[in-house]
Amino acid sequence: MEVVGNGGAFKRSLLLSALSYLGFETYQVISQAALVRAAATVFRVEEILEQADYLYESGETEKLYQLLTQYKESEDAELLWRLARASRDIAQLSGTSEEEKKLLVYEALEYAKRALEKNESSFAAHKWYAICISDVGDYEGIKAKIANAYTIKEHFEKAIELNPKDATSIHLMGIWSYTFAEMPWYQRRMANVLFAAPPSSTYEEALGYFHRAEQVDPNFYSKNLLLLGKTYLKLHNKKLAVFWLMKAKDHPAHTEEDKQVQTEAAQLLTGFSDKS
């Protein structure tokens, strides 16, 4: 009886060992499958990002938006901030109605917010979050716009800190400074009433950012050239204003915004000619 008992125990031991082995093998297969799926997901995201960047560089705004909205539930910060940018770009198109524009502006902010939540070390997520907050301010009144200015500045500064070679972030800090340097007196008075320390800046500060952006990446953006010209106008330096406005007017036009910049620069230069 003991021999039979020992035999039974031995068989049970073998069975348990076999099951344990099969369990380990199954675990290995599942783990390997999970790794394969994870690798495939990473590869897929990288592929989408490559397509998105190609479409962005090609100026295919609507195709880019159509591509990225398929992945609006993504948890990937790189994909989400690009979707925020694409939503905003669609909103800026001349054919977009005012109602659609407002929806897209708020949609873009939501994507940018999610991108930042997923990766606070992404300079682009900080940059586009700040841009989108600024856009939303146009629909929420002057009080909200001034209040948001602190947050906008904070995120632009963080974007520059994370990537000091990103000319666009530096340019946007220049726009922030230019905007508050030329704030109308009635808005400035309102800001002084509403806030203990309202946001403020000078044209000299704005000029410093625009030049810094140009040093990082010369001729990267027609609007930076235009704003250098306009800032020099504010500082009553006609010679340098003409120099930068000419560069803005002659900058190749790849987008609607580039064409608008060319037109504005030409009009400002014509104004000089008329006064001569």
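Where is N219 found? N219 sits in the loop between α9 (203-216) and α10 (222-234). The points below begin with the basis of the model and return to this residue at the end.

1. Basis. This is a predicted model, in which local features need pLDDT of at least 70 and side-chain atom pairs count only at pLDDT 80 or more, while totals for chains, interfaces and linings use all residues. Residues are numbered from 1 along each chain as its sequence is written, and side-chain values use heavy atoms, with hydrogens and water left out. Helices are DSSP runs (H or I, at least four residues), numbered from the N terminus.

2. Packing of α4 and α5. Two packed helices are described by the angle between their axes and the distance between the axes. The axes of α4 (residues 98-118) and α5 (residues 123-137) come within 8 Å and cross at roughly 150°. Therefore α4 is roughly antiparallel to α5 (angles over 145 degrees count as such, on a scale from 0 to 180 degrees between N-to-C directions).

3. Residues at this contact. In α4, the residues that meet α5 include V105, L109 and L116; in α5, those that meet α4 include W128, I133 and V136. Contact means heavy atoms within 4.5 Å. The residues of this contact divide into 13 nonpolar, 1 polar and 2 charged (Ala, Val, Leu, Ile, Met, Phe, Trp, Tyr, Cys and Pro count as nonpolar; Asp, Glu, Lys and Arg as charged; the others, Gly among them, as polar).

4. The loop between α4 and α5. N119 is placed in this loop. With a relative accessible area of 29%, N119 is partly exposed (buried is under 20%, exposed over 50%, partly exposed in between, with a 1.4 Å probe and protein chains only). N119 and E78 are 41 residues apart in sequence, yet their C-alpha atoms are 8.6 Å apart in space.

5. Nonpolar cores. A nonpolar core is a set of buried Ala, Val, Leu, Ile, Met, Phe, Trp, Tyr and Cys residues joined through side-chain atoms within 4.5 Å. The largest has 50 residues, of which L68 and F156 touch the most other members. A second, separate core of 19 residues includes A206, L225, A241 and L245.

6. Most residues other than glycine have a negative phi. N219 has a phi near 60°, and this residue is partly exposed at 37% relative accessible area. H236, in the loop between α10 and α11 (238-250), has a positive phi of about 60° and counts as exposed at 74% relative accessibility.

Definitions and conventions:
Helix = DSSP H or I, 4+ residues; strand = E, 2+ residues; numbered from the N terminus. Parallel < 35°, antiparallel > 145°, perpendicular 65-115°, else oblique.
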